[in-house]
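Hello,

Here is the structure we talked about handing over. Please open it beside this message and follow along.

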Amino acid sequence: MPPSGSLNIVVTGGAGFIGSHLCDRLVHKGHAVTCVDNLYTGRFDNVRPLSNHRNFRFVKADVREPLAIEGPVDRIYNLACPASPPHYQRDPIGTVKTCVLGAIHALELARTTGARILQASTSEVYGDPDIHPQPESYRGAVNPVGPRACYDEGKRCAEALFFDYRRVHGVSVKVARIFNTYGPRMLENDGRVISNFVVQALRNQPITLYGDGSQTRSFCYVEDLLDGLELLMESDDTVTGPLNLGNPREVTVKEIADMVLAQTGSRSRLAYHPLPQDDPRRRKPEITAAASALGWQPRIALEDGLRSTIDYFALKVATPTATAKHADSNAVIDVTARPSRKRRTALSTVGGSA
Ligand code: NAD
Ligand code: UDP
């Protein structure tokens with residue numbers, strides 16, 4: 001039993017990048033956490049330190065199937081979904097099902113248990129935006145038939161379901177539109193820009209810039225995002241969102257490459273690749289709604305968040321100069337040796353086109 005005052009919380013996607021940090025935080029606050037994950041892009045290693053904790057349980061399950069969770073449930077964070085373009089495009093039909101069936105199954109769990117539920121939606125609902133920065137009132141410019149549609153439209157449909165469950169069944173819902181978030185525990189082969197650039201820089205491999213690098217994103221450090229998610233979840237029932245959660249500092253992808261090169265002292269060169277189809281040109285959240293409803297704003301500067309992220313990957317990544325050997329991950333890499341030819345081939349897909 002959790003200590004009194006604590007909550008029974010289900011985190012779907014809890015073994016992933018954001019989800020595992022959320023599980024850490026909730027368990028350490030005394031809540032009883034059930035992590036549901038099929039380990040598609042998540043790793044059990046991310047939650048292994050929690051695995052013997054009396055307030056934590058891991059359930060290997062797929063949200064595309066109905067969720068059978070024993071005991072009371074007070075809160076559900078619905079995070080299950082691959083977030084990186086190469087990963088969500090690897091099985092696009094599976095991604096649509098995860099977004100849509102996963103939302104239905106999580107919402108059904110909320111309906112039958114009376115739990116409050118938060119959806120991890122995304123800035124991708126805005127597509128390649130015509131309005132800048134993006135406020136919640138902007139309805140977006142998603143290509144419904146392009147390679148990103150499985151994720152973008154899946155997430156849009158999930159938002160619709162959340163508000164229909166509120167209208168039809170009175171479920172207490174919260175929708176966060178998360179903008180690009182980064183930090184420790186992203187996968188080495190995640191495919192997203194910060195993890196790609198950091199891993200490439202640490203290996204002195206070419207930095208894979210897609211397009212001319214002038215497209216922009218706004219990067220939020222994971223701890224700042226968690227503050228926003230928790231505040232939204234615990235906000236008054238009338239605060240449903242959708243609320244943008246992200247860091248409004250906008251940078252070009254080329255600037256990110258330069259920052260990573262400077263911070264790592266890498267000898268990597270820039271290698272230009274074609275821009276993936278439908279890649280949004282600009283993205284920056286308007287966060288005044290979250291600031292006024294939650295009193296939230298991000299605090300961690302990009303330079304500081306990058307430093308923590310680089311420190312994390314430095315322990316994971318093979319470099320010719322590294323001396324330590326780390327075997328604590330299921331993507332184990334022997335950092336005493338140069339990557340094998342096979343490993344090098346695998347790693348080159350890190351920067352592969354989305
Ligand atoms: P992630 O890929 O690291 O984590 C997703 C987790 O969901 C993984 O552990 C994966 O194994 C699990 N999962 C995937 N499909 C599943 C299924 N069918 N059943 C059960 N588990 C499944 O990604 P993340 O960056 O931690 O993102 C978490 C959530 O936040 C996602 O819903 C994502 O769409 C959303 N989001 C993230 C970002 C970001 O920049 N990180 C931005 C916008 C939205
Ligand atoms: N990007 C890049 N090189 C990479 C990975 C990504 O130039 O190795 C670019 C990508 O084309 C996009 C931006 O960085 O313009 C952010 O990509 P990411 O996949 O991280 O997130 P998303 O496109 O979903 O915002």
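This is a predicted model: local features need pLDDT of at least 70, side-chain atom pairs count only at pLDDT 80 or more; totals for chains, interfaces and linings use all residues.

**Strands around β5**

β5 and strand β6 (residues 173-178) pair in the parallel sense over six bridges; two strands pair if DSSP finds at least two bridges between them. Residues are numbered from 1 along each chain as its sequence is written, chains are lettered from A and ligands numbered from 1 in the order in which they are written, and side-chain values use heavy atoms, leaving out hydrogens and water.

How many of the seven residues of β5 are buried? Seven of the seven are, so β5 is largely enclosed by the rest of the structure. Buried means under 20% relative accessible area, exposed means over 50%, and partly exposed is in between (1.4 Å probe, protein chains only). R116, L118, A120 and T122 are buried on one side of β5, and I117, Q119 and S121 are buried on the other.

**Helices α1 and α7**

Two packed helices are described by the angle between their axes and the distance between the axes. The axes of α1 (residues 17-28) and α7 (residues 222-233) come within 10 Å and cross at roughly 65°. Axes are lines fitted to C-alpha atoms, for helices over the stretch in contact, and angles run from 0 to 180 degrees between N-to-C directions. From α1, the residues F17, I18, H21, L22, R25 and L26 meet V222, E223, L225, L226, D227, L229 and E230 of α7; contact means heavy atoms within 4.5 Å.

**Helix α8**

Helix α8 (residues 253-264) has twelve residues. From its first C-alpha to its last it reaches 17 Å, close to the 16 Å expected at 1.5 Å a residue; the expected span is 1.5 Å times one less than the number of residues. V253, I256, A257, M259, V260 and L261 of α8 are buried. Among the elements that cover these buried residues are α6 (193-202), β12 (250-252) and α10 (302-314). After α8 comes G265, with a positive phi near 65°.

**Backbone points in the loops**

Which residues are joined by a cis peptide bond with omega about -10°? They are H132 and P133, and P133 is found in the loop between β5 (116-122) and α5 (149-169). The peptide bond from G241 to P242 is also cis, with omega near 5°. P242 is found in the loop between α7 and β11 (243-245).

L39 is not a glycine, yet its phi is positive, about 60°. L39 lies in the loop between β2 (32-37) and α2 (44-47), and is partly exposed, with a relative accessible area of 27%. R185, also not a glycine, has a positive phi of about 85°. R185 lies in the loop between β7 (181-182) and α6, and is buried, with a relative accessible area of 17%.

Regards

Note on methods: Helices (H or I, at least four residues) and strands (E, at least two) are DSSP runs, numbered from the N terminus.
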